[in-house]
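Please read it alongside the model.

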Amino acid sequence: SSVLDDITADVTIKVINAEDMGKIEGDFVISKNADDELATITVPAASVPGTFVRLVDGNSRTIGATAETAGDNLVITITADGLKALESGETELQIVMNANDTNSYYTIDATVWQMIISDETELLEFSAMLDAAASESNALAGWFLLDDDIDMSASDHVFGDFAGDPNSRQGTRYFAGVFDGDGHSITGLK
């Protein structure tokens, strides 16, 4: 007689069905340096009936998020940890909703920007990221979006300046990402 022969238990297994509901069309933009507006996904509540369960990325990882109904919309807010977990670039996300013990999966295509650059301060942050990557002999990767015209003529910042020498070869910079100017320009660079 084994130990397992002496153990009995009542086990209830609840089966939850799953159903792929297809794609929700829209222009979904997420920024990892987001203010509240760009850390949310808003969809018509009628298109995703039920109770929000989770947000899942293309690698089947759960992305930290909460959801609430606002008027006729479901607003999904991605948490700080969720933003960290998302990789920048074009991605497919699934919104998982539950109604009547059935999980329904709604797919959206989203663009996740590592950083949306709208002003001089954010452009200087981007420059600092390039500097940090170069000093670690790494490439800076990610997707970056220029969201406004920026005039740097009043700034004393010198892009590419290593110890005051912009021609220095120490810590060569390497950018392995996407920088989308979106029709905007940066002027007055030194």
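Aspartate 182 counts as partly exposed because its relative accessibility is 46%; buried means under 20% relative accessible area, exposed over 50%, and partly exposed in between, with a 1.4 Å probe and protein chains only. Aspartate 182 sits in the loop between β13 (178-180) and β14 (186-187). Strands here are DSSP runs of E with at least two residues, helices are runs of H or I with at least four residues, and both are numbered from the N terminus. Phi of aspartate 182 is positive, near 50°, although the residue is not a glycine.

This is a predicted model, in which local features need pLDDT of at least 70, side-chain atom pairs count only at pLDDT 80 or more, and totals for chains, interfaces and linings use all residues. Residues are numbered from 1 along each chain as its sequence is written, and side-chain values use heavy atoms, with hydrogens and water left out.

Aspartate 101 also has a positive phi, about 60°, and is not a glycine. Its place is the loop between β8 (89-99) and β9 (102-113). Aspartate 101 counts as partly exposed because its relative accessibility is 35%. Most residues other than glycine have a negative phi.

| Residue | Phi | Relative accessibility |
|---|---|---|
| Aspartate 101 | about 60° | 35% |
| Aspartate 182 | near 50° | 46% |

Next, the sheets. β13 belongs to an open sheet of three strands, ordered β10-β11-β13, with parallel pairing. Two strands pair if DSSP finds at least two bridges between them. β10 (115-117) and β13 are at the edges with a single partner strand each, so one side of each has no neighbour in the sheet. Neighbouring strands of this sheet are turned by 15° against each other on average, direction ignored. For such angles, axes are lines fitted to C-alpha atoms, for helices over the stretch in contact, and the angles run from 0 to 180 degrees between N-to-C directions.

β11 (residues 143-146) pairs with β13 in the parallel sense over three bridges. Which residue of β13 is the bridge partner of tryptophan 143? That partner is valine 178.

Another open sheet has three strands in the order β3-β7-β6, and here the pairing is antiparallel. β3 (40-44) and β6 (65-70) are its edge strands, each pairing on one side only. On average, neighbouring strands of this sheet are turned by 20° against each other, direction ignored. β3 and β7 (residues 73-78) pair over five bridges, in the antiparallel sense. Threonine 40 stands opposite threonine 77 in β7.
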